[in-house]
Each structure stands twice: as C-alpha cells, then as structure tokens.
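Me: I am new to this structure. Please take a close look at its nonpolar core and the parts around it.

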Amino acid sequence: MRSFVIGAVFAALLPLSAQAQEAGDAAAGEKAFAPCKACHNFQKNGVGPDLKGVVGRKAGTYEGYSYSAALKNSGITWDEANLHEWLKNPKAKVPGNKMIFQGYTDDKKINDVIAYLKTQS
C-alpha cells in the first residue's frame with residue numbers, strides 16, 4: 001500500500017516537473033529571436049507587426065499593420081500554447097497567413113523565444 005501511495009504521488013508530480021522543464025530562458029530566447037528581427041521589432045511595425053506586448057494580444061489586431069484575412073479572422077489570442085504552435089509551424093497554425101518564416105523545429109528554442117517575448121510587454 002505504501003509503495004502504491006508513493007507511486008501515485010510521483011505520478012501526480014511528473015506533469016509539474018515537465019512543465020518546469022518547459023519554462024523558457026528569456027536570455028536564450030533573445031538570441032533565438034535573431035532571425036525574427038529581419039521583420040519584427042518592439043518599437044514599430046515593419047515588414048511584420050510590432051511585437052511589443054504580443055503575449056496576451058488578440059491575433060491580427062495591432063493597429064497600423066496590414067494583416068492577412070486568415071490571421072485577422074483566426075480568433076486566436078497569443079497565449080503560450082498558441083504562440084508555441086505558431087512558432088513551430090505558422091502555416092499549419094493559420095493557413096493563409098503571410099508570414100514567410102517556416103518555424104522552429106526545437107521546442108526548447110520556441111519556449112525560450114516565448115519567454116523573451118513575455119519580457120517585451
């Protein structure tokens with residue numbers, strides 16, 4: 001019985017440790033964000049929209065940027081889960097968007113970029 005309880009407690013804590021491992025590193029995210037700088041910054045719209053405060057923002061709503069209809073009508077709010085899917089594969093997340101970036105293949109890098117974006121609010 002005792003080993004059953006210990007096993008149950010361990011099983012319950014596993015998801016928490018996995019979440020802790022998934023937390024991104026903002027400093028590493030700043031470096032991983034380097035390719036994004038070709039189109040995005042945190043002061044004004046450029047080729048891509050201004051990303052200041054993007055975490056928590058409704059997709060396709062930053063004033064003064066001409067978004068694709070697909071992104072404007074996506075209904076997405078940029079929380080961590082949606083950002084992760086977007087940064088993994090933007091064309092799969094929102095078919096018909098106009099971002100040319102193919103996505104990151106490394107989940108750690110994605111989590112780092114999201115951590116960095118969260119510092120830019």
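Reply: Start with the rings. F33, F42 and Y116 form one aromatic cluster. This is a predicted model. It holds 6 aromatic pairs in total. Such a pair is described by the distance of the ring centres and the angle of the planes.

Now the fold as a whole. The chain has 6 helices and 0 strands. Read along the sequence, the pattern is α-α-α-α-α-α. There are 121 residues in the chain, and 31% of them are buried. Take the contacts in the chain with a separation of 6 or more. Residues 24 or more positions apart account for 40% of these.

Next comes the core itself. The largest nonpolar core has 22 residues. Within this core, F33, L71, W78, L87, V113 and L117 touch the most other members. Two helices, α4 (80–88) and α6 (107–118), each supply at least two residues of this core. The largest share comes from α6, with 5 residues.

Leave out residues up to four places away in sequence. W78 then touches V54, V55, G56, R57, A59, L71, L83 and W86.

How do α4 and α6 meet? Their axes come within 10 Å and cross at roughly 125 degrees. That angle makes α4 oblique to α6. The crossing is right-handed. On the α4 side, the contact is made by E80, L83, H84, L87 and K88. On the α6 side, the residues are D107, I110, N111, V113, I114 and K118. Two names return here.

Last, a cysteine in a loop. C39 is found between α2 (26–32) and α3 (69–72). C39 is partly exposed, with a relative accessible area of 25%. Not counting residues up to four places away in sequence, C39 touches G46, V47 and G48. C39 and F101 are 62 residues apart in sequence. In space, C-alpha to C-alpha, C39 and F101 are 9.7 Å apart.

Methods:
Residues are numbered from 1 along each chain as its sequence is written. This is a predicted model: local features need pLDDT of at least 70, side-chain atom pairs count only at pLDDT 80 or more; totals for chains, interfaces and linings use all residues. Side-chain values use heavy atoms; hydrogens and water are left out. Rings of Phe, Tyr and Trp (its six-membered ring) pair if their centres lie within 6.5 Å; planes under 30 degrees apart count as stacked, over 60 as edge-to-face and the rest as tilted. A nonpolar core is a set of buried Ala, Val, Leu, Ile, Met, Phe, Trp, Tyr and Cys residues joined through side-chain atoms within 4.5 Å. Buried means under 20% relative accessible area, exposed over 50%, partly exposed in between (1.4 Å probe, protein chains only). Helices (H or I, at least four residues) and strands (E, at least two) are DSSP runs, numbered from the N terminus. Contact means heavy atoms within 4.5 Å. Axes are lines fitted to C-alpha atoms, for helices over the stretch in contact, and angles run from 0 to 180 degrees between N-to-C directions. Angles under 35 degrees count as roughly parallel, over 145 as roughly antiparallel, 65 to 115 as roughly perpendicular and the rest as oblique. A crossing is left-handed if the near helix is turned anticlockwise from the far one by less than a right angle, and right-handed if clockwise.
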